[in-house]
Amino acid sequence: MGNPYFQFKQFRIEQGDCAMKVTTEGCILGAWVEVPEPNCILDIGAGTGLLSLMLAQKYHCPIHAVEIDVLAASQAGKNFLNSPWGDRLELYQQDIGLFEGLPNGSVDLIISNPPFFKANMRSGNESKNLAIHNQALSQENLLAVIEKFLSKKGAAYVIYPEYEANMLASMAPQFGLKASESLIIRNKPGKAVLRKILRVTRASHEGDTLECPKDFIIRNEQGGFTDDYVNLLQPYYLHL
């Protein structure tokens, strides 16, 4: 059984009621995002509230988190209230496809750690299915939501396994968007890709030019954390 909580330097994630627990790759996503001060943030599929809380530590704007699962939403809401930033974190328990809490085209930063398994791999646990199976949030639906809410200068950051990341990037132009690799995550040097972080903008976006995606290694050959990992997560983890 996983730990019922995860203690960060400035906040605590209670996760006993959530099917999707705090993960290393989720923490990397929350720490990796770096944009000019956004006007507001939309967290799609909030789960425990991890990404919203990491971004609340980094930025000072309102954050709107949407989570479809009742138990996960309740836990995220409590995590928000128990954090130092509860006054600017708002949780919505609903399907993101029905969300109307923000004006269209108004969000400078969207973040999502979406489900990605196909429906034929479903388990008997419905909360777990919502957390990890893309029937609840397909890539087409995610892109449609990003297109709906993203501002002209805004960016969305999404994390997927390699195959699903490539699929999302290939579909983005159908929605007037472009998706570029921002970070390629591997457990160790030379190992298979664990996850890719994509940066999604409007196709007409003429902002900053992306450098080649960084190959981000979590552990070195000796099994210890790399300097990149320590430097990225040090503002959040207690013991780095």
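Trainee: Which residue stands opposite Asp-215 in β10?

Mentor: Ile-184 takes that position. Please keep in mind that this is a predicted model.

Trainee: In which sense do β8 and β10 pair?

Mentor: The pairing of β8 with β10 is parallel and extends over four bridges.

Trainee: What is the strand order of the open sheet?

Mentor: The order is β5-β4-β3-β6-β7-β9-β8-β10, which makes eight strands with mixed pairing. β5 (89-93) and β10 (214-217) each have a single partner strand, so one side of each lacks a neighbour in the sheet. On average, neighbouring strands are turned by 20 degrees against each other, direction ignored.

Trainee: Which helix packs on the sheet and touches β4 and β5?

Mentor: That is α3, residues 70-81, and its direction makes about 170 degrees with that of β5. Asn-79 has its place in this helix.

Trainee: Is Asn-79 buried or exposed?

Mentor: Asn-79 counts as buried because its relative accessibility is 2%, and the cut-off for buried is under 20%.

Trainee: What does the side chain of Asn-79 reach?

Mentor: The side chain of Asn-79 reaches the backbone nitrogen of Glu-14 at 3.0 Å. Beyond four places in sequence, the contacts of Asn-79 are Arg-12, Ile-13, Glu-14, Thr-48 and Leu-53.

Trainee: Turning to β9, how many of its residues are buried?

Mentor: Nine of the 10 residues of β9 are buried, and the strand is described as mostly covered.

Trainee: Which strands does β9 join, and how many bridges are there?

Mentor: β9 runs antiparallel to β7, with five bridges, and antiparallel to β8, with nine bridges.

Trainee: How many residues lie between β8 and β9 in the hairpin?

Mentor: Six residues lie between β8 and β9, and Gly-190 in that turn has a positive phi of about 80 degrees.

Trainee: Where does Arg-195 lie?

Mentor: Arg-195 lies in β9, which covers residues 193-202. With a relative accessibility of 15%, Arg-195 counts as buried. The C-alpha atoms of Arg-195 and Ile-185 are separated by 5.2 Å, although these residues are 10 apart along the chain.

Trainee: Which polar contact joins the side chain of Arg-195 to that of Glu-25?

Mentor: A polar contact of 3.3 Å joins the two side chains. Glu-25 is also one of the residues in contact with Arg-195 beyond four places in sequence, a list that includes Phe-116, Tyr-160 and Leu-183.

Trainee: Which residues of α1 are buried?

Mentor: They are Glu-25, Gly-26, Cys-27, Ile-28, Leu-29, Gly-30 and Ala-31. Seven of the nine residues of α1 are buried, so the helix is largely enclosed by the rest of the structure.

Trainee: Which residues have the most contacts inside the largest nonpolar core?

Mentor: Phe-8, Ile-28 and Leu-233 have the most contacts inside this core of 40 residues. Elements that each supply at least two of its residues include α1 (24-32), β7 (150-160) and α7 (227-233). α2 gives the most, with six residues.

Trainee: What does Leu-233 touch?

Mentor: Not counting residues up to four places away in sequence, Leu-233 touches Cys-27, Ile-28, Ala-31, Met-54 and Leu-240. There is also a second, separate core of 29 residues, and Tyr-92 and Leu-168 are among them.

Trainee: How many aromatic pairs does a search of the whole structure find?

Mentor: The search finds nine. One of them is the stacked pair of Phe-8 and Phe-11, 4.6 Å centre to centre with 20 degrees between the planes. Both of these phenylalanines are buried.

Trainee: What about Tyr-92 and Phe-99?

Mentor: Tyr-92 and Phe-99 form an edge-to-face pair, with 4.8 Å between centres and 75 degrees between the planes. Tyr-92 and Phe-99 are buried.

Trainee: Which residues form the aromatic cluster?

Mentor: Phe-6, Phe-8, Phe-11, Trp-85, Phe-225, Tyr-229 and Tyr-237 form one cluster.

Trainee: Finally, how many helices and strands are there in the protein chain?

Mentor: The chain has seven helices and 10 strands, and 50% of its 240 residues count as buried.

Technical notes
Residues are numbered from 1 along each chain as its sequence is written. This is a predicted model: local features need pLDDT of at least 70, side-chain atom pairs count only at pLDDT 80 or more; totals for chains, interfaces and linings use all residues. Side-chain values use heavy atoms; hydrogens and water are left out. A nonpolar core is a set of buried Ala, Val, Leu, Ile, Met, Phe, Trp, Tyr and Cys residues joined through side-chain atoms within 4.5 Å. Buried means under 20% relative accessible area, exposed over 50%, partly exposed in between (1.4 Å probe, protein chains only). Contact means heavy atoms within 4.5 Å. Two strands pair if DSSP finds at least two bridges between them. Axes are lines fitted to C-alpha atoms, for helices over the stretch in contact, and angles run from 0 to 180 degrees between N-to-C directions. A polar contact is a pair of N or O atoms within 3.5 Å; within protein, one must be able to donate a hydrogen and the other to accept it, and residues adjacent in sequence count only if both atoms are side-chain atoms. Rings of Phe, Tyr and Trp (its six-membered ring) pair if their centres lie within 6.5 Å; planes under 30 degrees apart count as stacked, over 60 as edge-to-face and the rest as tilted.
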